[in-house]
Amino acid sequence: MARLAFLGLGVMGFPMAGHLAAKGHEVTVYNRTPAKAAAWVAKHGGAAAPTPAEAASGADFVMACVGNDDDLRMICTGEGGAFAGMAKGAIFVDHTTVSAAVTRELAASAAELGIGYVDAPVSGGQAGAENGVLSVMCGGAEADYARAEPVIAAYARICRRLGDTGAGQLAKMANQICIAGLVQGLSEGLHFAEKAGLDIEGLVEVISQGAAGSWQMVNRHKTMAEGKFDYGFAVDWMRKDLGICLATADENGASLPVTALVDQFYKDVQKMGGGRWDTSSLIARLRKLD
């Protein structure tokens with residue numbers, strides 16, 4: 001079993017760190033709000049530290065799941081940052097969805113210190129984190145990934161290295177691009193069915209078994225029909241991610257017309273007060289247009 005630090009105990013990080021403790025790893029946690037770290041220790045054991053550097057001291061692996069590029073820089077290289085506490089040969093595993101640019105920047109800083117770096121964004125949402133069945137997309141050196149993968153397995157259904165540093169973040173962008181169009185299509189389909197007077201349960205039972213079927217359809221159609229949107233990844237975070245996708249597309253020349261359109265639809269949802277609603281709330285925008 002390894003000595004681990006986990007930095008960031010939000011809706012994803014809290015259960016992910018819990019799975020590591022359940023596997024028998026020695027886990028020290030850090031959270032910007034100390035009360036949340038104390039609550040994690042009360043539930044899972046282990047220890048809490050007041051700074052990322054102190055949490056990372058003596059750790060074989062340091063896992064992070066925070067908010068955005070600036071948050072990640074802060075916990076890595078800011079005052080009391082994790083890199084200052086990590087020993088040479090330790091590995092930093094970043095589960096945050098951030099830009100490939102900041103990933104490469106921080107990986108280069110880590111390399112100067114003799115620290116390994118694996119970018120490992122996740123997909124599966126809060127339910128996936130709680131049930132330990134996340135999809136993890138990784139980038140980094142093969143040797144670093146090989147060491148980190150058995151640890152990541154504590155909360156992963158599937159974990160794959162897709163290339164060098166930044167490849168994990170680029171894969172997560174592709175994931176979010178796919179989800180954006182899918183959820184808009186599902187929202188339009190359900191909205192059309194409602195207008196047509198179809199039985200939603202009967203409809204989904206049939207079409208979910210064919211080419212239109214998806215995880216979103218099976219797991220979100222009921223709550224979408226009921227207008228309940230507190231079951232997962234928030235619109236505010238999706239817009240952050242889609243902003244990264246669109247900026248990267250500008251750099252590499254990819255054409256993302258549907259993604260750009262859906263991003264604006266999510267902006268409309270934010271204006272409706274739905275920034276903290278889950279991403280299936282696109283259907284609420286359609287209903288408002290009625």
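This is a predicted model: local features need pLDDT of at least 70, side-chain atom pairs count only at pLDDT 80 or more; totals for chains, interfaces and linings use all residues.
## Helices α12 and α13

On the α12 side the contact is made by V235, D236, M238, R239, L242 and L246, while α13 contributes T259, A260, D263, Q264, Y266, K267, V269 and Q270. Sorted by class, the residues of this contact comprise seven nonpolar, three polar and four charged.

One of the residues in this contact, D236, can be followed in more detail. D236 belongs to helix α12, which spans residues 235-252, and D236 is partly exposed, with a relative accessible area of 29%. Setting aside residues up to four places away in sequence, D236 touches Q270, G275 and R276. With Q270 there is a polar contact between the two side chains, at 2.9 Å. G275 lies 39 residues from D236 in sequence, yet the C-alpha atoms of D236 and G275 are 5.0 Å apart in space.

## Helix α9 and its two partners

Helix α9, made of residues 167-196, meets helix α14, made of residues 282-289, with axes that come within 8 Å and cross at roughly 45 degrees. That angle makes α9 oblique to α14, and the crossing is right-handed. From α9 the contact involves A180, V183, Q184, S187, E188, L190, H191 and E194, and from α14 it involves L282, I283, L286 and R287. These residues divide into six nonpolar, three polar and three charged.

Helix α9 also packs with helix α11, residues 215-226, at an angle of about 50 degrees and with the axes 11 Å apart. Here too α9 is oblique to its partner, α11, and α9 passes α11 in a right-handed crossing. In this contact, I179, L182, V183, L186, S187, L190 and E194 of α9 meet Q216, M217, H221, M224 and A225 of α11. The residues involved divide into eight nonpolar, three polar and one charged. If you compare the two lists, you will find V183, S187, L190 and E194 of α9 in the contact with α14 and again in the contact with α11.

T97 has its place in the loop between β5, residues 91-94, and α6. At 12% relative accessibility, T97 counts as buried, because buried means under 20% relative accessible area. Leaving out residues up to four places away in sequence, T97 touches G67, P121, Q169, K172, K240, D241 and I244. With K172, the side chain of T97 forms a polar contact of 2.7 Å. T97 and L170 are separated by 73 residues in sequence, and their C-alpha atoms are 9.6 Å apart in space.

T103 lies within helix α6 itself, which covers residues 100-112. With a relative accessibility of 0%, T103 counts as buried. Apart from residues up to four places away in sequence, T103 touches V98, Y117, D119, T165, G166 and Q169.

S281 is found in the loop between α13, residues 257-271, and α14. At 0% relative accessibility, S281 counts as buried. A polar atom of the S281 side chain lies 2.7 Å from the backbone oxygen of D278. When neighbours within four places in sequence are left aside, S281 is in contact with F229, V235 and V269. Of these, V235 of α12 and V269 of α13 also belong to the contact between those two helices.

## Helix α1

Helix α1, residues 13-22, is mostly covered, with eight of its ten residues buried. The buried residues are G13, F14, P15, M16, A17, G18, H19 and L20. After α1 comes G24, which has a positive phi near 100 degrees.

Definitions and conventions
Residues are numbered from 1 along each chain as its sequence is written. Side-chain values use heavy atoms; hydrogens and water are left out. Axes are lines fitted to C-alpha atoms, for helices over the stretch in contact, and angles run from 0 to 180 degrees between N-to-C directions. Helices (H or I, at least four residues) and strands (E, at least two) are DSSP runs, numbered from the N terminus. Angles under 35 degrees count as roughly parallel, over 145 as roughly antiparallel, 65 to 115 as roughly perpendicular and the rest as oblique. A crossing is left-handed if the near helix is turned anticlockwise from the far one by less than a right angle, and right-handed if clockwise. Contact means heavy atoms within 4.5 Å. Ala, Val, Leu, Ile, Met, Phe, Trp, Tyr, Cys and Pro count as nonpolar, Asp, Glu, Lys and Arg as charged, and the others, Gly among them, as polar. Buried means under 20% relative accessible area, exposed over 50%, partly exposed in between (1.4 Å probe, protein chains only). A polar contact is a pair of N or O atoms within 3.5 Å; within protein, one must be able to donate a hydrogen and the other to accept it, and residues adjacent in sequence count only if both atoms are side-chain atoms.
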